Amino acid sequence: MRFSKATNYALHTMLALIEASPVKPVGVQQLAESQGVSPTYLSKILTRLVKAGMIESVSGANGGYRLSRKKDDISFLDIIHAIEGNASLFECDFVHGDECLIQAVMKEAEEKMESHLKEAKLADLARKQTQA
């Protein structure tokens with residue numbers, strides 16, 4: 001199982017925004033430089049996070065991005081769904097009845113993973129980083 005690089009950048013960007021001041025927006029250039037990625041590419045990822053309602057864009061000379069939701073409410077799963085979508089990781093292509101036993105096993109595994117990612121909050125990671 002593999003997530004895209006966009007998800008990797010989105011998770012790191014959201015962690016940076018959770019650690020940043022809730023009042024002062026962080027510029028795309030600063031966010032991009034901290035990850036060694038192009039600001040143009042990161043802007044596309046930020047647009048998806050804005051559409052998902054996790055962050056907001058602030059225009060102007062001191063503009064940038066900041067959280068639009070409470071940081072304790074943002075899970076890994078929220079961010080992954082904003083970037084990857086909600087489609088299942090495995091779909092059986094064979095026609096052999098209503099309930100494919102292989103599909104059932106894969107779906108159960110995916111549900112367990114999603115449950116774990118829903119419980120995992122980036123704010124908890126931010127707190128661990130400041131304690132270290």
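## The nonpolar core

The largest nonpolar core of this predicted model has 31 residues, and those with the most contacts inside it are M14, L49, I55 and I79. A nonpolar core is here a set of buried Ala, Val, Leu, Ile, Met, Phe, Trp, Tyr and Cys residues joined through side-chain atoms within 4.5 Å, where buried means under 20% relative accessible area, exposed means over 50%, and partly exposed covers what lies in between, with a 1.4 Å probe and protein chains only. Helix 1 (5–19), helix 2, helix 3, strand 2, helix 4 and helix 6 each supply at least two residues of this core, and the largest share, 8 residues, comes from helix 1. Helices (H or I, at least four residues) and strands (E, at least two) are DSSP runs numbered from the N terminus.

## How the model is read

Residues are numbered from 1 along each chain as its sequence is written. Because the model is predicted, local features need pLDDT of at least 70 and side-chain atom pairs count only at pLDDT 80 or more, while totals for chains, interfaces and linings use all residues, and side-chain values use heavy atoms, with hydrogens and water left out.

## Helix 2 against helix 3

Two packed helices are described by the angle between their axes and the distance between the axes. The axes of helix 2 (residues 28–35) and helix 3 (residues 39–51) come within 9 Å and cross at roughly 110°; helix 2 and helix 3 are therefore roughly perpendicular to each other. On the helix 2 side the contact is made by V28, Q29, L31, A32 and Q35, and on the helix 3 side by P39, L42, S43 and L46. By class, the contact of helix 2 with helix 3 has 6 nonpolar, 3 polar and no charged residues.

For these terms, axes are lines fitted to C-alpha atoms, for helices over the stretch in contact, with angles from 0 to 180 degrees between N-to-C directions. Angles under 35 degrees count as roughly parallel, over 145 as roughly antiparallel, 65 to 115 as roughly perpendicular and the rest as oblique. Ala, Val, Leu, Ile, Met, Phe, Trp, Tyr, Cys and Pro count as nonpolar, Asp, Glu, Lys and Arg as charged, and the others, Gly among them, as polar.

## Salt bridges

A search of the whole structure finds 5 salt bridges, each being a side-chain nitrogen of Lys or Arg within 4 Å of a carboxyl oxygen of Asp or Glu. In one of them E56 pairs with R66, the closest N and O atoms being 2.6 Å apart, and this pair links distant parts of the chain, with E56 in strand 1 (residues 55–58) and R66 in strand 2 (residues 64–67), 10 residues apart. Both partners are partly exposed, E56 with a relative accessible area of 31% and R66 with 23%.

R127 forms a salt bridge with D72, with 3.0 Å between the closest N and O atoms; R127 lies in helix 6 (residues 122–131) and D72 in the loop between strand 2 and helix 4 (76–84), 55 residues apart. The side chains of D124 and R127 also meet in a salt bridge (2.7 Å, N to O), and salt bridges that share partners join D72, D124 and R127 into one network. Being 3 residues apart in helix 6, D124 and R127 are separated by about one helical turn.

Conventions
Contact = heavy atoms within 4.5 Å.
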